[in-house]
Structures are given as C-alpha cells and as structure tokens.
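Trainee: Before I use these structural terms, I would like to see each one checked against its definition.

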Amino acid sequence: MRPLSYSSISLYQQCPLLYKLRYVDNLKPKPRAPLSFGNSLHKALEFMYDIKVPPPLPLEKILTYYEQNRVKEGYESEEEEKGYLDYGKEILTEFYNKNIKDFKLPMAVEGDYIIDIGTIKLR
C-alpha cells in the first residue's frame, strides 16, 4: 500500500470515490490555473533557496527562471496566463525585497519522511 499523505487522507474524507479515482485508479485531474500558478511560484522559490552558500541570487535571475520554467497548463486563455505571470513576478519581487536583507539559507528546501504506524505508512 502506498504511504498516506495529508492530501490523500483529506481527499478520502471529502469523497472516497474521488480518492479511489485519483490514488487507486491513478486518474490525474485536469490542470487548473491556480494550481499551475502555485507550482510555478514554488519552483521559483526552490530555485532561489537552492544555493550552497550566500549571497543569494539576483532578483533578475529568479524572475527569468520563473518565466522560463513556469507551469503553462491549465490556463483558459493567453490573457489569463499573462495575468498570472505578471502577478507571480509581483509576488516574487515583493518577497525578495522583504527577505533579501536578512537572507539566510534554510536547513532544507524540501524534506520527505515516512512514519510507520503498524501496517500503515504516513508520508
């Protein structure tokens, strides 16, 4: 049995059939703009913090990475995609400007762990 995550447990509580379709039958949901946007920002921030030693990358390099590596699926039109792209640049710029003065490397960018509870694995 695959490890259970917060997302999978929450989905099962909302709708057991939807859980089955997604996690047992492996049907993927249709891409949607908010999820693509969030994934794109997440990738850009991972890029920003995935350095070995300070100083941090310049903002221009992070914005270029964001633009070139963003998730492009799920938008209903080019205008919607451009709107999200511009909004993402605003968010990243504001985040950078607020945090660059006290920039510190995190202990980890992403961590994954599995806890065994009897026959169940939690991720």
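Mentor: What follows takes the terms in turn, with a value and a cut-off for each.
This is a predicted model, in which local features need pLDDT of at least 70 and side-chain atom pairs count only at pLDDT 80 or more, while totals for chains, interfaces and linings use all residues. Residues are numbered from 1 along each chain as its sequence is written, and side-chain values use heavy atoms, with hydrogens and water left out.

Trainee: Why is the contact between Glu67 and Lys89 called a salt bridge?

Mentor: The term requires a side-chain nitrogen of Lys or Arg within 4 Å of a carboxyl oxygen of Asp or Glu. The N to O distance between Glu67 and Lys89 is 2.9 Å, so the pair meets the definition. A search of the whole structure gives 6 salt bridges. Side chains of opposite charge can pair when their charged atoms come close.

Trainee: Which parts does the pair of Glu67 and Lys89 tie together?

Mentor: Glu67 lies in helix H4 (residues 59-69) and Lys89 in helix H5, so parts 22 residues apart in sequence are tied together. Helices here are DSSP runs of H or I with at least four residues, strands are runs of E with at least two, and both are numbered from the N terminus.

Trainee: What makes Glu67 and Lys89 buried, exposed or partly exposed?

Mentor: Buried means under 20% relative accessible area, exposed means over 50%, and partly exposed is in between, with a 1.4 Å probe and protein chains only. Glu67 has 33%, so Glu67 is partly exposed. Lys89 has 23%, so Lys89 is partly exposed as well.

Trainee: Why is Leu122 called partly exposed?

Mentor: The relative accessibility of Leu122 is 26%, so Leu122 counts as partly exposed. Leu122 lies in strand E2 (residues 120-122). The C-alpha atoms of Leu122 and Pro3 are 5.2 Å from each other, although the two are 119 residues apart along the chain.

Trainee: How do you know that Tyr113 is exposed?

Mentor: Tyr113 has a relative accessible area of 54%, so Tyr113 is exposed. The residue lies in the loop between helix H5 (78-99) and strand E1 (115-117).

Trainee: Why is Asn26 called partly exposed, and what is its phi?

Mentor: At 47% relative accessibility, Asn26 counts as partly exposed because the value is in between the cut-offs. Its phi is near 60°, a positive value in a residue other than glycine. Asn26 is in the loop between helix H2 (16-24) and H3.

Trainee: Which peptide bond is cis, and what is its omega?

Mentor: The bond from Pro54 to Pro55 is cis, with omega near 10°. Pro55 sits in the loop between helix H3 (33-49) and H4.
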